[in-house]
Every structure is written in C-alpha cells, then in structure tokens.
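Have the sequence and the structure open as you go.

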Amino acid sequence: MDFKLVSSFLASLFLVIQRIIMLAISPYKTMRKISEETDYTQIVIIFIGIFIYFFSANKFRPYDYEPGILFLLTIFHYGATVLFFYMAASIMQKEREFTFQSFLFTFLYALIPTIIWFSINSWLYMIVPPPTTFSFTAKSLSLVFIAFSIAMLSWKIILEYLAIRFSTKFSFYSIVYSILFYLVAVIPYSLFMYSLRFFRIPFL
C-alpha cells in the first residue's frame, strides 16, 4: 500500500472533520475557505460518508428502495443543484469571477447538516423508537428532537446561503431570486419523489 496515498487520504479526512466543526463555529470564514478548495479527495470522503449512511440506515429501518439507488439519487440531486446555480451564475454574471470547482465544494459541504440530521434520526429510531404514548418523557424527547431539527434546519439555510454567496459571487437580492427559482423546481420534484416513496424528506 502506498504510504503517501494513505497519508494524503488521512490528511484530507482530518481536514473534512475540521471543516465540519468550523462550519458550526465560524460558517462564514470556513465556507469562504472551502470555496477556494482544490482537494477533491474531500469530495470522495463526504460521498463515502453518505454511502455508509444509506447502507447502515437501511438496517435500522429498511427503505422501500435499495440504498444504492437512493445514494445515486443523492448524487443526482447534488449534481443538479451545482449545475443549476452554475448556469444561473453564468447567465446573470457578465464577468465570470467564479470557478466550477467552488460550486462543487461549497454545495457539498452545505449537505453536512442534512447528513447529520438523517444520521442522528436513524440512530435515535434504533435507540429510542417513536413514542406510543403522550407521557412526560415522550413529550420531552419530542421537544428535544424538534429543537435539534430546527437548529439543523437553521444551520442548513445558513450554509446554503453562504454556498451560493461564495460560489456565484451574487448580491443578496440575486441570491434570493436564484433560491426562489430553485425552489420552484425543487418543491414539485420533492413531492414527486415523496409520492414514489423514494424520500419522505428530500436529501438536499
């Protein structure tokens, strides 16, 4: 086994973990650094994490479809999101002050709250199954989970905004307009995926 290859992979893994922590502590500065990233091994590592999630979560609560299919759909969602905002930037920006790789890295790291929420949700389903009664303990656990979900959603919105901000170089209003156009496409698509029982909640 090539020692340099292993050491390089471990260095990238350490950087991914560090970036995830820093995205929670200092999201603005961290996402700005991520937008300048060139280490594609980080992309591979994050997708390996998503791959592991789908196959492990399937053991806790079996999906209606094979986890491999859901993993490929996640790659498709990610790729479609990257292409959407890259094309939006190409159309709206007269001067190309952005690079495609910045879209790849920023939008992938914007998936971190989604990965964490789905992972925690699966572990909690195994450790603490959904309550069947409305006891004080059940209500308390539900409130904690709701608070956690709101925190993850807030973090997700912040990272998504910063991903668009640093990859497209858009102004605030351009970011808002692009997000609205994105939602016009995503909401019907998510409902369609839900109707086919692929995702109860879109993995975006």
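This is a predicted model: local features need pLDDT of at least 70, side-chain atom pairs count only at pLDDT 80 or more; totals for chains, interfaces and linings use all residues.

**Exercise 1.** Work out whether Phe 172 is buried, partly exposed or exposed.

*Solution.* Start with the cut-offs: buried means under 20% relative accessible area, exposed over 50%, and partly exposed in between (1.4 Å probe, protein chains only). Phe 172 has 47% relative accessibility, so it counts as partly exposed.

Residues are numbered from 1 along each chain as its sequence is written, and side-chain values use heavy atoms, leaving out hydrogens and water.

**Exercise 2.** Find how many salt bridges the whole structure has, and describe them.

*Solution.* A salt bridge is a side-chain nitrogen of Lys or Arg within 4 Å of a carboxyl oxygen of Asp or Glu. The search finds two.

- Step 1: Arg 19 pairs with Glu 37, with their closest N and O atoms 2.8 Å apart. This pair links distant parts of the chain, 18 residues apart: Arg 19 sits in helix H1 (residues 3-25), and Glu 37 in the loop between helix H2 (27-34) and helix H3 (41-60). Both Arg 19 and Glu 37 are buried.
- Step 2: Glu 160 meets Lys 156 at 3.3 Å, N to O. Both lie in helix H7 (residues 136-168), four residues apart, about one turn of the helix. Glu 160 and Lys 156 are both buried.

Key
Helices (H or I, at least four residues) and strands (E, at least two) are DSSP runs, numbered from the N terminus.
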